[in-house]
Amino acid sequence: MKAVILLSGGLDSSTILYQAKADGCECYSMSFDYQQRHRRELHSALLVAQKAGVVEHQVVNFDLRQWGGSALTDDAIALPEARSLDEMSQSIPVTYVPARNTIFLSFALAYAEAIAAERVYIGVNALDYSGYPDCRPDYIQAMQEVFRLGTKQGRVGQPIKIVAPLLELKKTEIIQLGNQLEVPWDLTWSCYAGGDVACGVCDSCRLRLAAFAELGLVDPLPYA
């Protein structure tokens with residue numbers, strides 16, 4: 001069974017890659033260089049893909065800085081720092097990149113159909129404090145219908161399935177799952193800040209650190 005894995009190099013996407021392997025899939029990973037602030041994640045994605053032994057690792061290039069609209073694609077928008085978990089949950093943050101998962105899933109769908117894959121894995125998580133609109137169950141359900149209606153495979157009764165195994169897991173539960181799957185956390189990258197060492201204060205770093213701490217575990221990633 002072939003599967004395309006959307007792999008950013010972060011904690012969640014690395015876990016779904018290893019889940020796809022555990023599910024018996026032949027894995028083809030796909031990452032995106034969209035000129036994001038934290039392009040450092042692409043290096044981690046490559047390392048994780050190599051460690052997992054994927055069949056092929058694709059990097060798709062395009063430039064979302066052309067219109068910005070997010071702290072991850074516009075340096076004029078300040079990156080939130082040192083926020084509490086309560087503060088993070090108040091509203092959709094400026095790190096939301098407009099329609100990013102729709103763009104990613106569109107590329108993954110094209111890749112999947114071209115190689116006759118049966119599945120596309122995505123590491124979206126509806127319980128994350130970010131509350132991104134394109135990480136929610138109703139969105140995934142809608143995109144599944146797009147996959148069915150917008151492809152030859154779907155129209156002949158063999159739609160490519162979107163698999164989102166982390167959709168309703170807490171971050172601590174994702175780490176526990178990753179530990180069972182032996183995900184190499186030391187190779188992963190979650191920081192939004194764009195430096196060579198994780199900042200430890202952006203929302204993504206704080207969510208990650210809080211989850212490891214809640215489990216009584218030490219995050220092997222070095223922090224500034």
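**Helix against helix, then the cores**

Tutor: Let's start with the crossing: α7 passes α8 in a right-handed way. Keep in mind that this is a predicted model. Helix α7 covers residues 171-181 and helix α8 covers residues 203-214; they pack at an angle of about 70°, and their axes are 9 Å apart. Angles of 65 to 115 degrees count as roughly perpendicular, so that is what α7 is to α8.

Who does the touching? On the α7 side you'll find Lys171, Thr172 and Ile175, and on the α8 side Leu207, Arg208, Ala211, Phe212 and Glu214.

Now for the inside. The largest nonpolar core has 41 residues, and the ones with the most contacts inside it are Val4, Phe32, Tyr34, Leu105, Val120, Ile122 and Phe147. Two or more residues each come from β1 (2-6), β2 (26-33), α4 (100-114) and α5 (137-149). Of these, α4 gives the most, with six residues.

Zoom in on Ile122 for a moment. Setting aside neighbours within four places in sequence, Ile122 is in contact with Leu6, Ile16, Asn101, Leu105, Ile140, Ile162, Val163, Ala164 and Pro165.

There's also a second, separate core of 26 residues, and Ala20, Leu177, Leu181 and Ala211 are among them.

How values were computed:
Residues are numbered from 1 along each chain as its sequence is written. This is a predicted model: local features need pLDDT of at least 70, side-chain atom pairs count only at pLDDT 80 or more; totals for chains, interfaces and linings use all residues. Side-chain values use heavy atoms; hydrogens and water are left out. Axes are lines fitted to C-alpha atoms, for helices over the stretch in contact, and angles run from 0 to 180 degrees between N-to-C directions. Helices (H or I, at least four residues) and strands (E, at least two) are DSSP runs, numbered from the N terminus. Angles under 35 degrees count as roughly parallel, over 145 as roughly antiparallel, 65 to 115 as roughly perpendicular and the rest as oblique. A crossing is left-handed if the near helix is turned anticlockwise from the far one by less than a right angle, and right-handed if clockwise. Contact means heavy atoms within 4.5 Å. A nonpolar core is a set of buried Ala, Val, Leu, Ile, Met, Phe, Trp, Tyr and Cys residues joined through side-chain atoms within 4.5 Å. Buried means under 20% relative accessible area, exposed over 50%, partly exposed in between (1.4 Å probe, protein chains only).
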